[in-house]
Amino acid sequence: MAVSVTLPALGESVTEGTVTRWLKAEGERVEADEPLLEVSTDKVDTEIPAPASGVLSSIKVAEDETVEVGAELALIDDGSGAPAATEAPAAEQAAPPAPAPEPQAQPSTEQAAPAPAPTAEASAGGGSAQGTDVVLPALGESVTEGTVTRWLKSVGDTVEADEPLLEVSTDKVDTEIPAPASGTLLEIVVGEDETAEVGAKLAVIGEAGAAPAAAPAQEAPAAPAQPEPAPAPEPTPAPAAQAPAAPAPQQAAPAPAPQPAAPAPAPAPAAPAPQAPAAPAPAAAQATDDGAYVTPLVRKLAAENGVDLSTVKGTGVGGRIRKQDVLAAAEAAKAAAPAPAPAAAAPAAKKAPALEASPLRGQTVKMPRIRKVIGDNMVKALHEQAQLSSVVEVDVTRLMKLRARAKDAFAAREGVKLSPMPFFVKAAAQALKAHAPINARINEAEGTITYFDTENIGIAVDSEKGLMTPVIKNAGDLNIAGIAKATAELAGKVRGNKITPDELSGATFTISNTGSRGALFDTIIVPPGQVAILGIGATVKRPAVVETEDGPVIGIRDMTYLTLSYDHRLVDGADAARYLTAVKAILEAGEFEVELGL
């Protein structure tokens, strides 16, 4: 029975998608829910899982082709032969059921070994070189390959399931790859500083005590030796040279028994040990045992927190410094900071941050997919809209004091931190209800305007992959706690690469908090399909005129700028000013005591 793989709905307003990469080839075995292909839309890049287990019998849409939602992408054969992996169809086509097992049993030790070697025998456990493959997993959208930077285990070492096995670097992040199973590391396929594609086999883990199997598995690729020198080079016996990839080296020895090289397989495990690809790994590990090797992520984290890595004791494998060690050192430094309070009371001389040279300097690299999508959307918005910006200054002193009073109790009660952001979202949503032109969409094809009756607010989130905008649905109906929880949840999903297309679509209005990075204000671009976006600048203390009963005075106040960029085809300057004034009034009044339980 053939199961059809179709392009699913990938969010509101998404009508089509482009196949960017197939993760499986025709004839390969797939499991239900296993990533099958990657698809790109104007909203997000995502993986499409297999709807059923079986064999990928036909690919209908090639890479770089675009199809509509619901179109058939491929066919999966989930017939009764599925448990036999990719060999079942071959056996069924041979018509006579009886002879089918015999060709698989006899050639497996002689010349037919290449066919079952990659899949069937490896999973069935029929040879000494079998075990669990360690493959390079998908490490984020648009990531197609990774470079092995360090092996944390050597061939022959015992590993536990989920124990860090190696470190891999991609153009997005440096990360550890855990062991998929417990056992003995039999073979390292990809050495350090070598690059492999997602899904490629990196190593093999077998049952405990099966270390000798690593020798033939690593030895076979380097076995161009002729039968003449068979007695001398023990690692390359003549029989092994005939068996490609040597799936069953110990079974291959009895077949060429008449040759004098028969005893060679016994000492073979000892000889190949120094030739194993893992040899560089121990050397590299020794070179970094004193803590010299740290990932770029750890270096960046240390620089941001002012942590001297030479003073940090690593808790990782071989004393390696992990990000948890840096964070612990930063917390320890903060805890010790109150001690020298008198010295801190003096005007502290600010030190310039320690800046590291960007690894991108001097390089020409391929533009990441997400940057291309963002760029296309922004250029489209600028070309199709008449955009301009208006700015107001807001005194948020009362709001900041209110937050300071409530944040501890709020965090204990709601389970999330109380940042200033929920107050701005709440004020923006309240004002949208009274200013319909700001929360609208121009339908150019129909020549109409849609004024929304709900406030779906997109929140721009800065992530390692780029700018993404998850959406708080029905934000106008939420209180401060609801907005805070939704913001924290969505931002966490973006940074953890777990956001879904539906959570990135449907915004009627957007807020961008560029002030979180220190910018006073920004002339932001209105996203396509919307008519306005609100920018929040940094909150800074500065002298300001304060009206009192005794007249105006100068005081130190918490001040911020709000910027509204809008599409002048629908929103006039007066509309923008009225909306900004309404948001300003809500924030400066700071009447949120009831919602905060004060």
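I looked up the pair formed by helix 13 and helix 15 (residues 573-589): their axes come within 9 Å and cross at roughly 135°. I noted the crossing of the two helices as right-handed. The model is a predicted one.

Next I listed the residues that meet. From helix 13 I have Phe-423, Phe-424, Ala-427, Ala-428, Gln-430, Ala-431 and Leu-432, and across from them in helix 15 Tyr-579, Ala-582, Val-583, Ile-586 and Leu-587. Sorted by class, this contact has 11 nonpolar residues, one polar and no charged.

I then turned to the nonpolar cores. The largest has 57 residues, and the members touching the most others are Phe-509, Ile-511, Leu-562, Leu-564, Tyr-579 and Leu-596. Which helix gives the most to this core? I found helix 13 (residues 421-434), with nine residues. I also recorded a second, separate core of 20 residues, with Trp-22, Val-30, Leu-36 and Ala-52 among them.

Beyond its neighbours within four places in sequence, Ile-511 is in contact with Met-421, Phe-424, Val-425 and Ala-428, with Ile-457, Gly-458, Ile-459 and Ala-460, and with Ile-533, Leu-534 and Ile-536.

Last, I took the totals for the protein chain. I have 16 helices and 27 strands, and 41% of the 598 residues are buried. Of the contacts between residues at least 6 apart in sequence, 64% join residues at least 24 apart.

Conventions
Residues numbered from 1 in each chain as written. Predicted model: local features only at pLDDT ≥ 70, side-chain atom pairs only at ≥ 80, totals over all residues. Heavy atoms only, no water. Core = buried A, V, L, I, M, F, W, Y, C linked by side-chain atoms within 4.5 Å. Buried < 20%, exposed > 50% of the residue type's maximum accessible area, 1.4 Å probe, protein only. Helix = DSSP H or I, 4+ residues; strand = E, 2+ residues; numbered from the N terminus. Contact = heavy atoms within 4.5 Å. Axes fitted to C-alpha atoms, helices over the stretch in contact; angles between N-to-C directions. Left-handed = near helix turned anticlockwise from the far one by under 90°. Nonpolar A, V, L, I, M, F, W, Y, C, P; charged D, E, K, R; others polar.
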